Amino acid sequence: MTPFSLPDGWQTSLGDALAAKETLALRGFLEAEMAAGKTIYPTQSQWFRALDLTPLDKVRVVILGQDPYHGPGQAHGLCFSVPHGVRPPPSLLNIYKELESDLRLKRPTDGNLEHWASQGVLLLNSVLTVEMSKAASHGKMGWEQFTDAIIALVNDKPEPVVFMLWGAYAHKKAANVDASRHLVLKAAHPSPLSAHNGFLGCKHFSQCNAFLVSNGRPPIDWNLTDGVQ
């Protein structure tokens with residue numbers, strides 16, 4: 001059966017989730033899909049890229065997505081992010097608009113968010129794989145329970161964390177986060193269909209950094225231009 005190889009800190013902490021019947025069924029499903037020759041995004045080596053780049057003990061911020069991009073060359077294991085050289089999708093462009101408005105940062109032209117992930121921003125999708133050209137095709141196959149366990153681990157961290165939740169799906173996904181210890185920021189989804197209903201103008205980036213600093217933690221450098229890529 002297809003193994004789930006996670007970074008050490010996550011592998012140890014997620015032992016129960018890895019052994020759960022839902023995860024075992026998920027692994028069997030993914031193995032069967034690959035054996036049938038179906039194209040799955042992202043590539044297998046990037047399924048846990050968010051965990052690779054953001055160790056559990058380094059998590060300061062969580063941004064939740066729903067599903068990986070299902071077009072060729074887009075998904076690489078981080079929610080909302082695309083590899084270098086790939087045109088930023090519409091939701092990411094709206095994130096950049098808010099970044100510019102909130103922090104007066106120049107709008108990036110590149111869509112790769114690894115600079116955020118390397119600073120402790122966990123860019124986690126609820127579902128970590130998808131079949132090519134079939135949005136949400138791997139939903140309800142076991143990923144949701146697995147990523148719920150990841151969120152629960154972060155919620156249990158003793159240090160305060162910022163949860164940036166965009167859209168009703170993310171709000172529901174993180175409904176059990178302890179808002180008395182962590183900062184839970186909610187807004188509409190940055191999709192063009194909803195961004196003007198509360199995402200644009202939400203000022204989550206500045207609120208996030210103010211909270212981190214007030215709790216003795218370094219702020220996130222959200223800048224994605226001027227050579228940081």
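This report describes the fold, surface and cysteines of a predicted protein model.

## Overall architecture

The protein chain contains nine helices and six strands. Its C-alpha trace extends about 50 × 40 × 35 Å along the principal axes.

Of the 229 residues in the protein chain, 51% are buried.

## Surface and charge

The protein chain exposes about 10,300 Å², and carbon and sulfur atoms supply 53% of that area.

Its charged side chains comprise 20 positive and 21 negative ones. The centres of these two sets lie 5 Å apart.

## Cysteines

A disulfide is a covalent bond between the sulfur atoms of two cysteines. The structure holds zero disulfides. The cysteine sulfur closest to that of Cys202 belongs to Cys208 and is 11 Å away, which is too far for a bond because a disulfide requires the two sulfur atoms to be within 2.5 Å. Cys208 is likewise in no disulfide, its nearest cysteine sulfur being that of Cys202.

Cys202 has a relative accessibility of 13% and so counts as buried, the cut-off being under 20%. Cys208 is also buried, with a relative accessible area of 0%.

Definitions and conventions:
Residues are numbered from 1 along each chain as its sequence is written. This is a predicted model: local features need pLDDT of at least 70, side-chain atom pairs count only at pLDDT 80 or more; totals for chains, interfaces and linings use all residues. Side-chain values use heavy atoms; hydrogens and water are left out. Helices (H or I, at least four residues) and strands (E, at least two) are DSSP runs, numbered from the N terminus. Buried means under 20% relative accessible area, exposed over 50%, partly exposed in between (1.4 Å probe, protein chains only). Accessible areas come from the Shrake-Rupley method with a 1.4 Å probe; for residues, only the protein chains shown count as cover. Lys and Arg count as positive and Asp and Glu as negative; His and the chain ends are not counted. The place of a charge is taken as NZ of Lys, CZ of Arg, CG of Asp or CD of Glu.
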